[in-house]
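Please read them against the coordinates.

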Amino acid sequence: MKDFFYKKLDAYQIAKEFTLYVYSLLKKYPSFEQFAICDQLRRAAVSVPSNIAEGMGRMAINERIHFLEISYGSVIEVLCQLDLSHSLGYISEQELDNAEEIASRLTKVMSGLRKSLNEKIAQ
């Protein structure tokens, strides 16, 4: 089956990397967190590439931008939860820094994609 075009977007590929990294961290959490912060982290992390993909599946450019904004919000939500996780001793400072580095690359690419979509609206 042919790949859908969203899979070729840098934003999607980095978002997927971000999600997989978060999932790798979740293995370190205590079992009593599996239905608390871990569930919330999973949902927020999966939301990042999912909303990029869903947005790019929309025909209207405004809808594509809207889903990118939702995805951006999910990135920030994950970073907040990882910061709390670090404060609780579940992840190391290096692991938090790694997540922030991936998130930084991702949000820059998402910003560029949003700018490109806005330019299409202006034309």
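1. Which side chain does Ser47 join in a polar contact, and at what distance? In this predicted model, the partner is the side chain of Asn51, and the contact is 2.7 Å.

2. Ser47 lies in helix H2. Its relative accessible area is 16%, and because the cut-off for buried is under 20%, Ser47 counts as buried. Once neighbours within four places in sequence are set aside, Ser47 contacts Ser71 and Ser74.

3. Helix H2 covers residues 37-56, and helix H1 covers residues 10-26. The axes of H1 and H2 come within 8 Å and cross at roughly 170 degrees. Angles over 145 degrees count as roughly antiparallel, so H1 is roughly antiparallel to H2. The crossing of these two helices is left-handed.

4. On the H1 side, the residues that meet H2 are Ala11, Tyr12, Ala15, Lys16, Phe18, Thr19, Val22, Tyr23 and Leu26. On the H2 side they are Cys38, Leu41, Arg42, Ala45, Val46, Val48, Pro49, Ile52 and Ala53. By class, the contact of H1 with H2 has 15 nonpolar residues, one polar and two charged.

5. H1 also packs with helix H3, which spans residues 61-87. Here the angle is about 25 degrees and the axes are 12 Å apart. The limit for roughly parallel is under 35 degrees, and therefore H1 and H3 are roughly parallel. H1 passes H3 in a left-handed crossing.

6. From H1, the contact with H3 is made by Phe18, Val22 and Leu25. From H3 it is made by Val75, Val78, Leu79 and Leu82. By class, these residues are seven nonpolar, no polar and no charged. Phe18 and Val22 are also listed among the H1 residues that meet H2.

7. Is Glu95 buried or exposed? This residue sits in helix H4, residues 93-122. Glu95 is buried, because its relative accessible area of 15% falls under the 20% cut-off.

8. What does the side chain of Glu95 reach at 2.7 Å? That is the backbone nitrogen of Ser92. The side chain of Glu95 also makes a polar contact of 2.9 Å with the side chain of Lys28. Not counting residues up to four places away in sequence, Glu95 touches Tyr21, Leu25 and Lys28. One of these, Leu25, is an H1 residue that takes part in the contact with H3.

Terms used
Residues numbered from 1 in each chain as written. Predicted model: local features only at pLDDT ≥ 70, side-chain atom pairs only at ≥ 80, totals over all residues. Heavy atoms only, no water. Axes fitted to C-alpha atoms, helices over the stretch in contact; angles between N-to-C directions. Helix = DSSP H or I, 4+ residues; strand = E, 2+ residues; numbered from the N terminus. Parallel < 35°, antiparallel > 145°, perpendicular 65-115°, else oblique. Left-handed = near helix turned anticlockwise from the far one by under 90°. Contact = heavy atoms within 4.5 Å. Nonpolar A, V, L, I, M, F, W, Y, C, P; charged D, E, K, R; others polar. Buried < 20%, exposed > 50% of the residue type's maximum accessible area, 1.4 Å probe, protein only. Polar contact = N/O pair within 3.5 Å; in protein donor to acceptor, adjacent residues only side chain to side chain.
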